[in-house]
Amino acid sequence: MADVQNQIGLIMQLRRRGIRDADVLRAIERIPRELFVDEAFSEHAYQDIALPIECGQTISQPFVVAFMTEKLELKPTHKVLEIGTGSGYQAAILSQLCRRVYSVERWRELQKAAEARLAKLKITNVTTIIGDGWLGWPPQAPFDRIIVTAAALDAPAALLDQLKEGGRMIIPLGETRDTQSLVQIDKTPEGLVETPLLPVRFVPLVHGRVKRD
Ligand code: SAH
């Protein structure tokens, strides 16, 4: 009961902050965020804050998850690539709104934990992959949408190549944590169109997968 109330409180907060897409709000309402955070933080699971997860990474703030998801303008037919599985929370939200999600993570430990959470929720349209997100996931390219949940200086070329024409990527770009901006990149027939959306703070998109963990 307490969780249901917490969940409703979170939805109200997201609405106040300007999230309007009813499908996105419904997806957030359906996915219990407490499953994706360490037990030590479960009482904070429905607050609008980022929280630490294993391997020195973070689960994003719900507002940022909702905002990025809303900007993707997902359709039920879409095939989506996520870079940075982390806890699997963003992937679980995406899974409610599109046909298929491929999510790449460099830490085996995180990928395994995310996979177990998704299985527990009986989510079957997310495939998690251990790999280097800088390379995307060529076997399933091209993608209708790409979401990157770690920050880079520039959008990785491989990801731009793997985006369908008419497709959209949402990615945090910037030199330091203090100068990152969430950017929307649309692949149009005339070329790439970049729209800055919001100042954000993400962990860095690191080169290479973790070989030993
Ligand atoms: N989307 C996640 C939050 C991700 S935090 C969630 O909902 O919980 C960013 C994640 O990106 C971290 O787990 C980090 O390990 C991963 N990451 C960083 N660089 C990467 C790379 N090159 N390839 C794949 N994953 C990467």
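Student: What radius of gyration would a compact globule with 213 residues have, and what does the protein have?

Tutor: Keep in mind that this is a predicted model. A compact globule of 213 residues would come out near 17 Å, and the protein has 16 Å, so the two agree. Along its principal axes, the C-alpha trace spans about 50 × 40 × 35 Å.

Student: How many helices and strands are there?

Tutor: Look for 6 helices and 9 strands. As for contacts between residues at least 6 apart in sequence, 54% of them join residues at least 24 apart.

Student: What share of the residues is buried?

Tutor: Here, buried means under 20% relative accessible area. Buried residues make up 50% of the 213.

Student: Which residues touch the most other members of the largest nonpolar core?

Tutor: Those are L14, I19, I28 and Y89, in a core of 43 residues. The helices α1, α2, α3, α4 and α5 each supply at least two of its residues, and α3 gives the most, with 7. Take I19: beyond its neighbours within four places in sequence, its contacts include L14, F63 and F67. There's also a second, separate core of 22 residues, with W134 and I185 among them.

Student: And how many charged side chains are there, positive and negative?

Tutor: The protein has 27 positive and 27 negative ones, and the centres of the two sets lie 4 Å apart.

Technical notes
Residues are numbered from 1 along each chain as its sequence is written. This is a predicted model: local features need pLDDT of at least 70, side-chain atom pairs count only at pLDDT 80 or more; totals for chains, interfaces and linings use all residues. Side-chain values use heavy atoms; hydrogens and water are left out. Helices (H or I, at least four residues) and strands (E, at least two) are DSSP runs, numbered from the N terminus. The radius of gyration is taken over C-alpha atoms; the globule rule is 2.2 Å times the number of residues to the power 0.38. Buried means under 20% relative accessible area, exposed over 50%, partly exposed in between (1.4 Å probe, protein chains only). Contact means heavy atoms within 4.5 Å. Lys and Arg count as positive and Asp and Glu as negative; His and the chain ends are not counted. The place of a charge is taken as NZ of Lys, CZ of Arg, CG of Asp or CD of Glu. A nonpolar core is a set of buried Ala, Val, Leu, Ile, Met, Phe, Trp, Tyr and Cys residues joined through side-chain atoms within 4.5 Å.
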